Each structure stands twice: as C-alpha cells, then as structure tokens.
Amino acid sequence: MSIRLDTRFTERFISGEEIAAIRPEAEAAFQTLAARTGAGADYLGWIDLPENYDKEEFARIKAAAQKIRKNSEILIVIGIGGSYLGARAAIEFVKSPLYNNLKKDTPDIYFAGNNISPTALTEIISICEGRDFSVNVISKSGTTTEPAIAFRVFKQMLIDRYGVEGAKERIFVTTDRAKGTLKKFSDEAGYETFVVPDDVGGRYSVLTAVGLLPIACAGIDIDAMMQGANDARKTYTSPDPSENDAVLYASLRNILLRKGKCCEILVGYEPYMLMLNEWWKQLYGESEGKNNKGILPDSVVFSTDLHSLGQYIQEGQRTIFETVVSVKDPGARFVIPDDPANVDGLNFIAGRELDYVNKTAMLATLIAHNDGGVPNIRIELDDRTAYSFGYLVYFFELACAVSGYILGVNPFDQPGVEAYKKNMFALLGKPGYEESGEKLRARIEKA
Ligand code: PA5
C-alpha cells in the first residue's frame, strides 16, 4: 500500500451519519464514472491509461529522453497549465526543487511558455547561451498563445545554432494525434511528435507523453511511475467510501463544502511538494470551479507558510479545511547537532532527526488547526519515489472526478479559461476580433 487516508482530524467536524448520508451520492458518482455515462465521458482515457498506455510510444519516449540526455545540457519544456505542471511537479517531488543545481548526469530542465513575461523568457534564453539544448513543446490544442510565442523563439534559436537539419534532432513536439496547427507544422518540418490522447484532458495528462518525456529526461523511472498509478487503479475499484479512499476523500470534501468549508488548502511539509501543490490546484480548480460551484483550492508548504498564512488558518474566516500530504520516509536524514554552549536553548532536540521535528511540527499543527475549527484530512505516502508519485497522481485524479460528479459539474471541461483569451485577442487586434476589441477598449477608457 502506498497511501493511507487518515480521517482522525475530521472527526470533530464530520459525523458517521453524515458520511452514511452522502454515501449513495458518492457511490452513484463512482458508478457513473466507471460506466462512462456522465458529463465529459469522452475524456476518461486517464482511467485505464496506467494499464493501456501506448507501449510503442512509451519506448519512443525513453529513446528520445536518452537522445536528449546525450546531446543536451539543457532541456526547455514549453507548455502551460496541464501541459507542464505535472512534469514539473514530478521532477521536484522525486528529484528536487533544486534539480538544476544538483550534480547529475541528466540535463538541466527549464520550463518556458507558461507565462507572458519578457523577463522570464529573456532569462531562459540567456541560460542557453553557449550550452547545448533541446526543446520539448507541449500543447494539446497547438494554438495556446503562451507556449506558441516561446516555441517561435526557441525553434529559431535552435535553427540559428544547429541549422535546419540539426534543429530537427532537438525539437520534440507533444500534441494532438492528428489535429491542430502544431501537428501539421511539425509533420511538415520533420520533428518527432508524441501524442496527447484525444480522451485525456490537459490536467489529467501527466502520465502521457505530456509528462513522461520531461520526467524521463530528468532520469526518473517512468516504468515505476506507471506501475504506481496502475496499482492505485487496481486498489480503488469499489464505489463504497469505506473500501475506497479516493471515494472517501471525495465524500469528505463535499460534506465539508456543504457545511460552508468552501476553501481547501493542500498542505505539504517539504519544499519538494510546492509544484505538486500547483498541479493539484489546477486539477481541482479547473475540474470543479464552474456553474458558480466548487471548492477554492489553495496550497501551502509548512512550516514555511505557518509564518505567513498560519495566522489566517488558525483564526481567520472559518471557511477552510486542509488536506495534509505527508511523506513517511522523506528521503534525506539529518541529525540536529549538539552545541555545548546551547546559546539557542535547542539542546533538548540535539541528536534528534530533523524529520522527527518536522513530523512533530505537523502533529502540533494538525491539533492546533483542529482546535481553531479547521478540519484536516491527512494523506500519508510511504516515500517520494516515482512509484508513490504515480500512485498519488491516480488517487487525486480519481477522487477529483468522483468529487466533481458529487458536486454536479462536468469535471472534464474548462469553458471559463476561454474568457481571458477572447478579451486578450480582441485587445491585441487579432483578425476576426475587431468589434469586441472596440467594445473592450471603450470599457477600459470609461473605467
Ligand atoms: O487542463 C487543461 O486542459 C488546460 O490547463 C490546458 O492544459 C492548458 O490550457 C494548455 O492547453 P494546450 O495543451 O492546448 O496548450
């Protein structure tokens, strides 16, 4: 078993009767998902992906990763939202948030095209100066503005540096199987392409080529990651929340929401969880936040953020609950040194493992936040291996889908993401948007 769900710190807030009361809804949600009859049923490819993934493409991913590792000091991963968060989360979780600074035999990995910042782009360009690099551009639609701008830039840099033929050896494109500008262009240019399956949405795509190519480039065991996800798939087969922790987690979230807890904070106790938090926020925020419904997903890394958001969580509006992800074996051991002078008075913990103090901080915080009126769900992982990461990804994806169905939304679409794009195109003067551009400019001037 790789994950344990600890509900002790929800018991003051959720009764057995409440769990029993939501059970029919939770079971129905799970069964709708399993029967593939609910909203967004065309996007359920992630359910069996850990078993049914394309083995031929998987081998090509490994070969491409090997090639990149051989000929490149840097890999630039271009993508936004679901097209980069999973890979970045995996690399930071399994390797390190300081991955690029570690001594290693794998390339540095920089993520571009996930913002429109000239500063960020310029910095990554300058990092590539004098160093061999490759590019993995990832966009399911192939039309997203942020990655498209970055790809323009890095593609031209590769052509200028290595020539048209040389660039072909260094550009890897992950996009739709057949549709879209990026696919058409890549085929014409002769770039190697990988597939974002039709039935897997961006935020559910970390276990496809979207996540796997950059993850493999970082030297992470993608077989183990798929194995972890597949073991989770085999574990979470019952619709009954008392037998299925993913359904239980989905149920608890919805019970808490109905009691006014409309913000969930994902809590990690390790800096390597920062990007996992960001991946999770997208998964839950984009899946549930629609039709004026949803739980606002927020995140923190403790104990760091106990010194920033800790005050609010302890005593602010009582509309929040926390989900704490803790890792039993954090990976590193460090013993607190003795100081004969004991100037800081900390000799009472000298000789203790730092992780013991970290875990004690977690327990202390769980109790304090509980006493402050904040329910805490706790998810415990064995370790930070690729296997556990894959397991956790599947757990969260499944729970998210079930939770969305309990909530009564389609967890697989994201119509709201279009609103800013339409306005941006109109204001930028994209052909076809002239009329709305005029209206928006008039609104801005009035304001
Ligand atoms: O979850 C999603 O579908 C989105 O976050 C997309 O991943 C994101 O908008 C990027 O889209 P694309 O991969 O088409 O460039």
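A backbone N or O atom of R203 lies 3.0 Å from an oxygen atom of the ligand. This is a predicted model, in which local features need pLDDT of at least 70, side-chain atom pairs count only at pLDDT 80 or more, and totals for chains, interfaces and linings use all residues. Residues are numbered from 1 along each chain as its sequence is written, and side-chain values use heavy atoms, with hydrogens and water left out.

The ligand is surrounded by 13 residues, and the closest are S83, S139, S141, T144 and Q282.

| Residue | Atom in the residue | Distance to a ligand oxygen atom |
|---|---|---|
| Q282 | polar side-chain atom | 2.5 Å |
| S139 | side-chain N or O atom | 2.6 Å |
| R203 | backbone N or O atom | 3.0 Å |

Two asparagines in loops come next. N114 sits in the loop between β3 (108–112) and α5 (118–128). Helices (H or I, at least four residues) and strands (E, at least two) are DSSP runs, numbered from the N terminus. Why is N114 called buried? Its relative accessible area is 16%, and buried means under 20%, exposed over 50%, and partly exposed in between (1.4 Å probe, protein chains only). The side chains of N114 and N115 are joined by a polar contact of 3.1 Å. Leaving aside residues up to four places away in sequence, N114 touches G79, I80 and Y84, where contact means heavy atoms within 4.5 Å.

N101 is in the loop between α4 (85–95) and β3. N101 counts as exposed because its relative accessibility is 65%. From C-alpha to C-alpha, N101 and I379 are 30 Å apart in space, and they are 278 residues apart in sequence.

On a 1 Å grid over the protein atoms alone, a cavity is a set of points where a 1.4 Å probe fits but cannot get out, and lining residues have an atom within 4 Å of a point. There are 3 cavities of 30 Å³ or more. The largest cavity holds about 70 Å³ of space, a volume being the space filled by probe spheres set on the points, which are joined across faces, edges and corners. Its lining includes Y269, E270 and K359. α13 gives the most to this lining, with 4 residues.

Methods
On a 1 Å grid over the protein atoms alone, a cavity is a set of points where a 1.4 Å probe fits but cannot get out, and a pocket is an open set with protein on both sides within 12 Å along at least five of seven lines; lining residues have an atom within 4 Å of a point. A polar contact is a pair of N or O atoms within 3.5 Å; within protein, one must be able to donate a hydrogen and the other to accept it, and residues adjacent in sequence count only if both atoms are side-chain atoms. A residue is near a molecule or strand if one of its heavy atoms lies within 4 Å of it.
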